[in-house]
Number of protein chains: 2
Amino acid sequence: MAKPLVKSYIDIKEMEMEGGARIRWLITHKDGAENYSMRYIRIDENKETPAHKHPYEHEIFVMSGTGYVVLDNETVKLKPYDFIFIPGNVFHKIHSNTTMEIICVVPISAAKELLGD
Amino acid sequence: MAKPLVKSYIDIKEMEMEGGARIRWLITHKDGAENYSMRYIRIDENKETPAHKHPYEHEIFVMSGTGYVVLDNETVKLKPYDFIFIPGNVFHKIHSNTTMEIICVVPISAAKELLGD
């Protein structure tokens with residue numbers, strides 16, 4: 001049975017993403033999560049998250065910073081306390097104008113695919 | 001097919017929870033989310049989230065504020081940038097010492113149960 005977990009994001013190793021954003025996988029299947037995975041992503045000024053699409057969705061909350069998100073052919077400005085639902089198979093990237101911090105949740109299947117079992 | 005969504009948390013109606021915390025359901029099955037639901041919860045000074053347990057898990061990120069979380073018989077202090085994994089069937093509540101803001105993700109089955117279809 002999975003155990004409760006309380007940690008700081010600083011306890012989690014930071015990894016670089018394509019586009020220059022940096023990610024910390026906070027909670028994954030390795031902690032016993034069965035359904036979804038919470039990640040913290042920092043996008044320094046004028047950096048981006050990967051520009052891509054995939055079959056799974058994102059649920060994102062913008063904690064700080066400003067920039068924009070590209071969703072297929074649309075571009076939408078972002079500010080703190082905005083949130084984004086990106087369904088599967090929608091092309092997307094987030095670009096920061098000022099350093100952004102976001103929480104981005106993915107299905108556990110994506111965590112397993114990206115991190116290995 | 002679900003559509004992409006970008007909104008501010010302020011666009012979402014705030015609802016009171018037992019214990020005095022206030023919740024905004026940011027992304028739910030009503031937006032086409034199939035797997036999990038992202039909520040924003042504000043816990044004013046000396047208020048709490050409901051003290052309870054349920055079969056589903058929480059994944060939580062502390063955006064601001066300080067307080068503590070009770071996890072069965074354990075109490076753990078909380079500060080900004082802490083995160084919490086609460087597996088199903090663990091008794092829990094969060095108490096704020098200073099106003100806390102958290103992001104709390106639940107399975108979509110819980111959203112359907114709590115909000116209706």
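Before you start: the model is predicted, local features need pLDDT of at least 70, side-chain atom pairs count only at pLDDT 80 or more, and totals for chains, interfaces and linings use all residues. Residues are numbered from 1 along each chain as its sequence is written, while chains are lettered from A and ligands numbered from 1 in the order in which they are written.

**Stop 1: both chains**

**Stop 2: the interface**

Select the contact: 36 residues from chain A and 36 residues from chain B. Contact here means C-beta atoms, placed from the backbone, within 7 Å. On the side of chain A that touches chain B, β8(A) gives the largest share, 5 residues. That side of chain A divides into 27 nonpolar, 3 polar and 6 charged residues. Ala, Val, Leu, Ile, Met, Phe, Trp, Tyr, Cys and Pro count as nonpolar, Asp, Glu, Lys and Arg as charged, and the others, Gly among them, as polar. The copies meet through the same surface, because 100% of the interface residues of chain A are also interface residues in chain B.

**Stop 3: across the chains**

Now show β8(A) with β1(B), residues 5–8. They run antiparallel, joined by 4 bridges. Find Phe83(A), opposite Lys7(B). Strands are DSSP runs (E, at least two residues), as are helices (H or I, at least four), numbered from the N terminus. Two strands pair if DSSP finds at least two bridges between them.

**Stop 4: the open sheet**

Trace its 7 strands in order: β1(A)-β8(B)-β5(B)-β10(B)-β4(B)-β3(B)-β2(B), with antiparallel pairing. β1(A) and β2(B) stand at the edges with a single partner strand each, so one side of each is left without a neighbour in the sheet. At the β2(B) end, 2 bridges pair β2(B) with β3(B). Glu16(B) stands opposite Arg22(B) there.

**Stop 5: the helix**

Select residues 108–115 of chain B. This is α1, lying across β3, β4 and β10 of chain B, at about 100° to β10(B). Axes are lines fitted to C-alpha atoms, for helices over the stretch in contact, and angles run from 0 to 180 degrees between N-to-C directions.

**Stop 6: a hairpin**

Finish on β6(A) and β7(A), antiparallel and joined by 5 bridges. Tyr68(A) stands opposite Lys77(A). With 2 residues between the strands, the hairpin has Asp72(A) at a positive phi near 50°.

How values were computed: Two residues are in contact if their C-beta atoms, placed from the backbone, lie within 7 Å.
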